[in-house]
Amino acid sequence: MNILDTIVAAKRKEVEERKRRQPQDVLEKKEHFHRTTFSLAKFLKDPSKTGIIAEFKRKSPSKGIINGTADLRDVTAAYARLGASAISILTDTEFFGGSSQDLMDARSLNIPLLRKDFIIDSYQIYEARSIGADVILLIAACLTPQETRKLAMLAAELQLSVLLELHDEEELGHVNEFTPIIGINNRNLKTFEVNIEKSLEMAAKLPSHAIKVAESGIDKISTIQLFRENGFDGFLIGEQFMKAADPAKAFELFIQELNTTKVG
């Protein structure tokens with residue numbers, strides 16, 4: 001199995017265990033489940049924001065430990081203060097070193113929080129709502145088009161935004177009326193190679209109304225400029241900041257350069 005298959009197999013076992021520990025009806029009674037959510041689309045379109053979905057990620061299967069010492073509250077507060085349009089927080093523990101508590105620790109921020117995980121079951125969407133997420137990630141490579149539509153429709157019912165992540169043209173069939181925000185991952189999940197040109201070609205085949213988000217491999221202001229010129233509104237960036245000893249400072253310097261060059 002490739003790494004994605006390995007993660008999904010582990011996730012199925014994890015979800016069943018979580019269902020036993022906290023049934024859905026318990027999740028629906030939690031305080032965050034009933035809060036008013038922030039709209040990712042609104043924040044991505046806000047001209048006063050940067051369009052950046054800044055990510056907090058401790059480690060990954062391909063890179064190992066990226067940053068094991070950064071303080072989540074400090075980093076995410078800096079992301080929000082300095083103009084991020086949203087914050088992505090890894091909640092997978094086994095492969096990415098995150099947790100649901102990480103997202104809850106950032107919930108006081110008045111900005112959309114994306115629960116970045118491998119969602120394969122409706123239970124995880126109720127769980128995302130209960131821990132204070134505003135957005136969920138649906139990875140097309142983990143789902144059938146029918147599963148994607150079902151999960152995205154449930155997210156809409158629970159007033160959660162959806163970021164649908166695509167990797168190649170074969171996954172375009174996952175796009176549906178409940179997935180107006182579409183992320184194109186420049187990194188192949190099976191080989192981890194980055195190919196920006198392929199992403200731009202894919203973007204041209206998306207519906208004209210789609211809100212496009214570029215994901216992975218973005219480490220230069222010029223790359224953001226290239227994506228903006230091709231109709232992208234969002235840019236999910238994590239490792240560029242998290243690999244620094246001080247991710248908050250790295251984000252600040254990146255934003256200063258972005259503002260100086262007046263991209264877009």
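Me: Before we start, what counts as contact here?
Reply: Contact means heavy atoms within 4.5 Å. This is a predicted model, where local features need pLDDT of at least 70, side-chain atom pairs count only at pLDDT 80 or more, and totals for chains, interfaces and linings use all residues. Residues are numbered from 1 along each chain as its sequence is written, and side-chain values use heavy atoms, with hydrogens and water left out.

Me: Great. Which residues does D134 touch, leaving out those up to four places away in sequence?
Reply: D134 touches R35, T37, F38, R107, I111, P112, L113, L160 and S161.

Me: And is D134 buried or exposed?
Reply: D134 is buried, at 0% relative accessible area (buried is under 20%, exposed over 50%, partly exposed in between, with a 1.4 Å probe and protein chains only).

Me: Where does D134 lie?
Reply: In the loop between α6 and β6, the latter being 135–139. Helices are DSSP runs of H or I with at least four residues, strands are runs of E with at least two, and both are numbered from the N terminus.

Me: What lies 2.8 Å from a polar atom of the D134 side chain?
Reply: The backbone nitrogen of L113.

Me: Switching to α6. How many of its residues are buried?
Reply: Eight of the nine, so α6 is largely enclosed by the rest of the structure. The cover over those buried residues includes α1, α2 (24–27), β5 (113–116), β6 and α7.

Me: Nice. At what angle do α6 and α7 pack?
Reply: About 25°, with the axes of α6 (residues 122–130) and α7 (residues 145–157) 10 Å apart. Axes are lines fitted to C-alpha atoms, for helices over the stretch in contact, and angles run from 0 to 180 degrees between N-to-C directions. That makes α6 roughly parallel to α7 (angles under 35 degrees are roughly parallel, over 145 roughly antiparallel, 65 to 115 roughly perpendicular, the rest oblique).

Me: Which residues make that contact?
Reply: S122, I125 and Y126 come from α6, while L151, L154 and A155 come from α7.

Me: What about α1 and α6, how do they pack?
Reply: Helix α1 (residues 3–21) and α6 pack at about 60°, with their axes 10 Å apart. The two are therefore oblique to each other. K11, V15, R18 and K19 of α1 meet Y123, Q124 and E127 of α6.

Me: Last one: what caps the N-terminal end of α6?
Reply: D121 does, with a side-chain oxygen 2.8 Å from the backbone nitrogen of Y123. Just after α6, G132 takes a positive phi of about 100°.

Note on methods:
Polar contact = N/O pair within 3.5 Å; in protein donor to acceptor, adjacent residues only side chain to side chain.
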